[in-house]
Amino acid sequence: TDGASNPELDDMSRRFWWALALTVPVLVLSMGDMIGDRPLSHLLGAGKRAWLELAFATPVCLWAARPFFIRAARSVANRSLNMFTLIGLGVGVAYGYSLIASFAPQLFPAAFRGHDGAVPVYFEAASVIVTLILLGQVLELRARSQTGAAIRELLALAPVVATRVRGDGSHESVALDGVRVGDRLLVRPGEKIPVDGRVLDGTSSVDESMLSGEPIPVEKAAGDAVAAATINGTGALMMVAEKIGSETLLARIVALVAEAQRSRAPVQRLADRVAAVFVPVVIVVAMLTFVVWATVGPDPRLAHALLAAVAVLIIACPCALGLATPMSIMVATGRGARMGILFRNAEAIERLRDVNVLLIDKTGTLTEGRPRLSAIVATDGYAENEVLRCVADLERASEHPLARAIVDAAQARGIAAGPVDNFASVTGQGVTGKVGHRSVAFGNDRLMKALSVDVTNVDAARFQADGATAMYCAIDGNFAGLVAVADPIKATSAEAVSSLRAAGIRLVMLTGDSERTAHAVAEKLGIAEVVADASPQRKLERIRELKAAGLVVAMAGDGINDAPALAAADVGIAMGTGTDVAMATAAVTLVKGDLKGIVRAHRLSRATLTNIRQNLFFAFVYNGVGVPVAAGVLYPVWGLLLSPMLAAAAMSASSISVIGNALRLRSKQI
């Protein structure tokens, strides 16, 4: 949505400026006796001055404060007392008392009258309270609006038109909502990529910093994925549209962040429980304050009692308490989006801070997920291309990165695709099917054992020792050859692993790959614990074992086979370069699929929870100190009594301090 206009902010701003313009004369009139040699009461008379105060204060207390009274009435009707209950009571009592004092002063006993025999009015207190609370609301709404700035910036970056290539090769400019899946689009140098898709032809570097936060452009060539709103560099790209509208990565980022900003963190329950008890207690304290001042206070006793009770109601308003958690969460989710970290909800932010064990999938998480065929070893009686053709035909239906490497290698060698019948996937082992007239099985040694195929005459260890994945092919029940696929370790993985260990997080590699391959990769990265040959069920069981031991477990993965584990972990972390299923089940998604994103997400989580605790501390301390002072505990010793106006100013200041502290997350070094 466009953040240029916020109706609630516009309404509150309008009410604030009118309230301010009308409150200034009320203040001048009420304080006129303290200014100059000739007091206003002498010039106007006490009666006229009170009526002028009433005229200026009435629009403030009835029109400008109307939203507060509506919310206060709803809180009582719903039996859910909140900050607006206290505001409504405080302003209503101060204005209502002054109104009656103006129209019917004869109704008040001597205890309400001053030394001159007149009944004092407090229109200025009611007006100033409303104006200061409106100021607090405007600042809060403006701060909330600023937290969505990162998302609005992303939306503003999206192009409005695309260049579509017709079947005859000619070009046409079309509106973005006119682009359809399968359309061929031309992206010229310097233009924005219109939708998500894949490069068909051309090479260029693409600036993806608006999605990932990384400033270094990414090289793109035929076959590479590109995302909407990223900026093409110096080369022209021909691409095919694969995802449009709400299905694009940019649209999903906006939806995820919006959902996260609306969610509530578990720590918020503490503030909710306190507020549920706090508001009724404050009302009781205000009543007791009135009784004590009316009984033993100085003259005019009832007037002092009324002011003290109103001051208690206003200063105890839990505005800061209500803002403490939501403001930090909103700022954190916006900051995360800028860094390529998407939190599904507020609970994910809070839970990630407590993680002490991280299970990491290998392929696509620690490694690039774009493996390449490194070797084919055919046994006697079979040719390399024959083996490659059979396994490539079987793997064409798979979306696993290893399968894609084999299919790409077959295409590079000019091996044509053939039909496959009776295709079957054996979870955690491999695939089988009928290629032409021959039965073909392709997978790990467990699949070969299940089919009673002897693979001992080929040494897979030498490939696995280099971190390559070795898979076996059987044709018509006979061992036909070994296919080795190497998946390079991501350049950032070693640094990320080191940072996570330094943060006190225990790391476990959890992979379906073989022992040798898994340990080879783990050794290069310095990961001590490895669970290899792990089926999706085994991954799930391992997570349950760790959780049963009282550990807080995070799981990072990118494939369909990781989805059950991602869902079972306390915090599932999906690589944005992986499958949609993985991202749908994860609590955190890293747009670029970079493991360093986990380091940043963990730091952001810790900073956010620290920020929330600081806010809650400010709110609790403020109310803990403010309520007794407003009630008058300092009056017997130092003669200090807090006026309702100062109480309103203090209440607004507490909210501003919480907002300012939360906004510090936007610039904090992560």
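Two strands are said to pair if DSSP finds at least two bridges between them. Helices (H or I, at least four residues) and strands (E, at least two) are DSSP runs, numbered from the N terminus. In strand β15, Arg438 stands opposite Val435. This is a predicted model, in which local features need pLDDT of at least 70 and side-chain atom pairs count only at pLDDT 80 or more, while totals for chains, interfaces and linings use all residues. Residues are numbered from 1 along each chain as its sequence is written, and side-chain values use heavy atoms, with hydrogens and water left out.

- Strand β13 (residues 420-426) runs antiparallel to β14, and five bridges join the two.
- Within this pair, Val435 of β14 is the residue opposite Val420.
- Three residues separate β13 from β14 in their hairpin, and Gly428 in the turn has a positive phi of about 75°.
- On pairing with strand β15 (residues 438-443), β14 forms six bridges in the antiparallel sense.
- The hairpin of β14 and β15 has two residues between the strands, and there Gly436 takes a positive phi near 65°.
- Strand β14 (residues 430-435) is largely enclosed by the rest of the structure, because five of its six residues are buried. Buried means under 20% relative accessible area, exposed over 50%, and partly exposed in between (1.4 Å probe, protein chains only).

**The seven-stranded sheet**

- An open sheet is formed by seven strands in the order β10-β22-β21-β20-β11-β18-β19, with mixed pairing.
- Its edge strands, β10 (341-343) and β19 (529-531), each pair on one side only.
- From one strand to the next, the twist averages 20°.
- Within the sheet, strand β11 (residues 357-360) and strand β20 (residues 553-557) are joined by four bridges in the parallel sense.
- Leu359 has Met555 in β20 as its bridge partner.
- In a regular strand the side chains alternate between the two faces of the sheet.

**The helices α4 and α5**

- Two packed helices are described by the angle between their axes and the distance between the axes. Axes are lines fitted to C-alpha atoms, for helices over the stretch in contact, and angles run from 0 to 180 degrees between N-to-C directions.
- Helix α4 (residues 66-77) packs against helix α5 (residues 83-103) at an angle of about 120°, and their axes are 8 Å apart.
- The two helices α4 and α5 are therefore oblique to each other. Angles under 35 degrees count as roughly parallel, over 145 as roughly antiparallel, 65 to 115 as roughly perpendicular and the rest as oblique.
- Among the residues of α4 that meet α5 are Phe68, Phe69 and Arg71; contact means heavy atoms within 4.5 Å.
- The residues of this contact comprise seven nonpolar, four polar and one charged. Ala, Val, Leu, Ile, Met, Phe, Trp, Tyr, Cys and Pro count as nonpolar, Asp, Glu, Lys and Arg as charged, and the others, Gly among them, as polar.
- Helix α5 also contains Ser98, which is buried with a relative accessible area of 0%.
- Neighbours within four places in sequence aside, Ser98 is in contact with Val121, Tyr122 and Phe123.

**The helices α19 and α24**

- The axes of helix α19 (residues 493-502) and helix α24 (residues 596-631) cross at roughly 30° and come within 8 Å.
- Helices α19 and α24 are therefore roughly parallel to each other.
- Glu495, Ala496, Ser499 and Leu500 in α19 meet Lys596, Ile598, Val599 and Arg603 in α24.
- Four nonpolar, one polar and three charged residues make up the contact of α19 with α24.
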